[in-house]
Amino acid sequence: YFTSADSIKVKCEVQNANNIVIEVYPVSNTNITLQDIKKAKIKPIASHTLSVEGSIPFSHNTQISLPPLDYGRYTIVANYINKNGKKENQSSNHTLYSFIVTDITSFAVVDNQNQKRSIFAVDAITGAPLKGVIVTCTPQNSKLTPLNAFTRKDGSISASNSSYQLFNFTN
């Protein structure tokens, strides 16, 4: 997770490629592949070109910094530019790793003695409680109703049943 104030640092391990393009794509799910990006014709929202001096064989490690991004889920794809100036993909064709940019963070306060649990949504930058955040959760116990609640003034909701575990926060 990153906040909207964070620049994204990417470590690049380059081998035998002089010109590399790092691209950031907006994605909708966690298990996205390069084929999904190509099929949907998703355009990159940010890119950074990196030129490395060296003659084959060589290896070079560096870090680049991308500017802060808007809220959403993203993935990073690495490409190199071949001798003909054509972009060729170097990222794995398997599932790409995605990351989320949000200014909402959360924590839970559990009172085991009274079997109570409160989930809090707070601003990731300031730590201030966030009122009115939509908190959803599909319980592990299919007999329970999915949770759909708004946080109170103190940023909290009650979620006492332990079948509610993976919460989503939307503001």
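Q: What does the accessible surface of the protein come to?
A: About 11200 Å², and 48% of that belongs to carbon and sulfur atoms. Areas come from the Shrake-Rupley method with a 1.4 Å probe, and for residues only the protein chains shown count as cover.

Q: Where does the model come from?
A: This is a predicted model: local features need pLDDT of at least 70, side-chain atom pairs count only at pLDDT 80 or more, and totals for chains, interfaces and linings use all residues. Residues are numbered from 1 along each chain as its sequence is written, and side-chain values use heavy atoms, with hydrogens and water left out.

Q: OK, how many helices and strands?
A: The protein has 1 helix and 13 strands. These are DSSP runs, numbered from the N terminus: helices are H or I with at least four residues, strands are E with at least two.

Q: Compact or spread out?
A: The protein is more spread out than a compact globule, because its radius of gyration is 21 Å, well over the 16 Å that the globule rule gives for 171 residues. The radius is taken over C-alpha atoms, and the rule is 2.2 Å times the number of residues to the power 0.38.

Q: New topic. How many salt bridges?
A: The count comes to 1. A salt bridge needs a side-chain nitrogen of Lys or Arg within 4 Å of a carboxyl oxygen of Asp or Glu.

Q: Which side chains meet in it?
A: Lys-11 and Glu-13, at 3.5 Å, N to O.

Q: Are those two buried or exposed?
A: Lys-11 and Glu-13 are both exposed. Exposed means over 50% relative accessible area, buried under 20%, partly exposed in between (1.4 Å probe, protein chains only).
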